[in-house]
Amino acid sequence: MYKLIQYKDPTVFHEKVHSLLMEDEAANNLPLGLLNTMKTSDKYKDPLLLLVENEVGTVMGSLIMTPPHYLVSTLKVEKEGVHEIVKELHSFCENTGINFPGFLAEKELALQLTHAWCHLTGDRYNVKMNQRVYQLGKVNDIPLSGGKMIAVRKEHEELLAQWLIGFVEDTGELALTEGEALNRSRDMIENEPFVFLWEVDGKPVSMARGARKTENGITVNFVYTPSEYRKKGYASSVVAELSRLLLKDHSFCSLYTDLDNPTSNKIYMEIGYKPVCDSMIISIV
């Protein structure tokens, strides 16, 4: 017997689910990082925060959505329990009118959730992305390309906006309009301390970002190199140098990769990132 409890206050929700998520901090870097961001800013509008409890009130998982993104799902239950939780989720959605585009979870859990949901509703699904979560504790001594890492500055606002658009096009994330990308670029430059470019002869050629802190770690994301600068080692260089910088104040770095992109996975492992678990993003259609 499981029940879903909705929370409006991310700080209270974080207190409830924190110990469960911290059982595997690197694997749960996304929900932990999202909740830490919610506690300290209003970046995410109207997040959905659902706690999963069993019949005696023990926390068994969390379901988190920052609209319009996927339902980030963490559950410590058996397969039969997943079916029961999906029934509760379906009832909740019918009663509240809340919709979600699909599931983001550890691979087997994502498949179990999806199959249970589609069996119940008759919906179909598409695998949006096969992912792998990596963790880094020490940067390997790898050769760097020519150039240097620099912090992004106001003068890079339009460039960063265009690169954000390029990144979401490459990764299949939700598309950004030029205005949305410019606003996001401006916010990153003004408010985030770990957005860096790799610069060669005064020209930016690649980027990476550190964000979504957890208790002991931080995530590397938005790794992007425009097509004309690829296969020159720039992404490896900026990720290695950024990771080295982040490890000065954090015990580890984590990141998600697209498993269908062998180049990026090879790059990260050469830097020293080690696989933690596989993950999937699955769209409900």
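This is a predicted model: local features need pLDDT of at least 70, side-chain atom pairs count only at pLDDT 80 or more; totals for chains, interfaces and linings use all residues.
User: Ok, which residues does a cis peptide bond join?
Analyst: The cis bond joins Pro67 and Pro68, with omega at about 10 degrees, and Pro68 sits in the loop between β3 (59-65) and β4 (71-75). Strands here are DSSP runs of E with at least two residues, and helices are runs of H or I with at least four, both numbered from the N terminus.

User: And what is phi of Asp201 near?
Analyst: Phi of Asp201 is near 50 degrees, a positive value in a residue other than glycine, and Asp201 belongs to the loop between β8 (195-200) and β9 (203-211). Most residues other than glycine have a negative phi.

User: Is Phe222, with its positive phi, buried or exposed?
Analyst: Phe222, whose phi is also near 50 degrees, lies in strand β10 (residues 217-224) and counts as buried because its relative accessibility is 5%. Asp201, by contrast, counts as exposed at 80%. Buried means under 20% relative accessible area, exposed over 50%, and partly exposed in between, with a 1.4 Å probe and protein chains only.

User: Switching topic, what does Pro10 touch?
Analyst: Leaving aside residues up to four places away in sequence, Pro10 touches Met38, Lys39 and Leu49, where contact means heavy atoms within 4.5 Å. Pro10 lies in helix α1 (residues 10-21) and is buried, with a relative accessible area of 15%.

User: Last one, how much space lies in the second largest pocket?
Analyst: About 280 Å³, and among its 18 lining residues the closest to the centre are Ala27, Asn28, Ser73, Thr74 and Glu106. A pocket is an open set of points on a 1 Å grid over the protein atoms alone, where a 1.4 Å probe fits, with protein on both sides within 12 Å along at least five of seven lines, and lining residues have an atom within 4 Å of a point. Points are joined across faces, edges and corners, and the volume is the space filled by probe spheres set on them.

User: Which element gives the largest share of that lining?
Analyst: Strand β4 does, with 4 residues.

Terms used. Residues are numbered from 1 along each chain as its sequence is written. Side-chain values use heavy atoms; hydrogens and water are left out.
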